[in-house]
Amino acid sequence: MLYDTIIKLNLKNVNVDLNKSFDYYDNNIHFVDLYLLLEFHHCPRCNSSSTKPRSSKTVTIKYSTTLEPNIIINFHKRIFKCISCGHLFFEFLPGVIKDKNISLNTVLEILNDLKNLKTTYKEVAFKYNVSVTYVQNLFDTKVDISRGVLPEVLSIDEVYSKTLSKTHYCCVLYSPQRKCLIDILPSRHKTNLIDYFSNIPLYERNKVKFVSIDMWLNYKEMSTLSFPNALV
């Protein structure tokens, strides 16, 4: 394996077996077959140093760098057995998320690309050779978008979503003047909406002058309670 590949993958502090490891390109995808030098490890269960390699397993790891978003590492990792307690465990490759077979660097690159509001989940998934669902779930779990400031004119409506809400309806708060979303809530139930708005300072809610809703009674009752200065 070329030394610049080790630097590119940030593996210079890892004992890579340079005699066995190699890399190549196929259809613009950088493939790396990676082997580590044999080292003895302490058992993660009993911390015993009496361990020995038993077999090996090849796992595919998706790896990315800023200049090269699509790298596939075939990691030939050893399976060790603890002589003291019989526990089996794997070699560990730094920078790889446990049980996910994707590098931390790839996760950071995906999140960085999602900062561009014009970029779609599908485009990011294709670039990093992952599923659209993975990109969506990563965004939902790692990104916490704060709500917008309440506008003078607030529109409230719902949108059907079988996957995003247990009640199958999300409540959408929208500013027609700014032409932007204020927030999307997982429920349109009256008690949930009242709880949500009660956590917003009264001085901010008092600045809302008009609330636009449909004829659903829950919206009207909630709006009357939450926005004392607004015309519903």
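Me: Are α5 and α7 roughly parallel or roughly antiparallel to each other?

Reply: This is a predicted model, in which local features need pLDDT of at least 70 and side-chain atom pairs count only at pLDDT 80 or more, while totals for chains, interfaces and linings use all residues. Residues are numbered from 1 along each chain as its sequence is written, and side-chain values use heavy atoms, with hydrogens and water left out. Helix α5 (residues 190-198) and helix α7 (residues 217-226) pack with their axes 10 Å apart and at an angle of about 25°, where axes are lines fitted to C-alpha atoms, for helices over the stretch in contact, and angles run from 0 to 180 degrees between N-to-C directions. Since angles under 35 degrees count as roughly parallel, over 145 as roughly antiparallel, 65 to 115 as roughly perpendicular and the rest as oblique, the two helices α5 and α7 are therefore roughly parallel.

Me: Which residues of α5 and α7 make the contact?

Reply: Contact means heavy atoms within 4.5 Å, and helices (H or I, at least four residues) and strands (E, at least two) are DSSP runs, numbered from the N terminus. On the side of α5 the contact is made by K190, L193, I194 and F197, and on the side of α7 by N218, Y219, E221, M222, L225 and S226.

Me: How many nonpolar residues does the contact of α5 with α7 have?

Reply: In this classification Ala, Val, Leu, Ile, Met, Phe, Trp, Tyr, Cys and Pro count as nonpolar, Asp, Glu, Lys and Arg as charged, and the others, Gly among them, as polar. By class, the contact of α5 with α7 has two charged and two polar residues, and the number of nonpolar ones is six.

Me: Which residues of helix α3 are buried?

Reply: Buried means under 20% relative accessible area, exposed over 50%, and partly exposed in between (1.4 Å probe, protein chains only). On the other side of α3, K122 and F126 are exposed, and what covers the buried residues of α3 includes α2 (104-113) and α4 (132-142). In helix α3 (residues 121-128), the buried residues are V124, A125 and Y128.

Me: Is α2 roughly parallel or roughly antiparallel to α3?

Reply: The axes of α2 and α3 lie 10 Å apart, and the helices pack at an angle of about 150°. That angle therefore makes α2, relative to α3, roughly antiparallel.

Me: Which residues make the contact between α2 and α3?

Reply: The residues of the contact of α2 with α3 divide into three nonpolar, one polar and three charged. They are V124, K127 and Y128 of α3, together with T106, E109, I110 and D113 of α2.

Me: Does N129 count as buried, partly exposed or exposed?

Reply: N129 lies in the loop between α3 and α4, and has a positive phi of about 60° although it is not a glycine. With a relative accessibility of 33%, N129 therefore counts as partly exposed.

Me: What is the relative accessible area of F80?

Reply: F80 lies in strand β4 (residues 71-82), and, leaving aside its neighbours within four places in sequence, F80 is in contact with residues including L38, T51, P53 and F89. The C-alpha atoms of F80 and T51 are separated by 6.4 Å, although the two are 29 residues apart along the chain. F80 is buried, and its relative accessible area is 0%.
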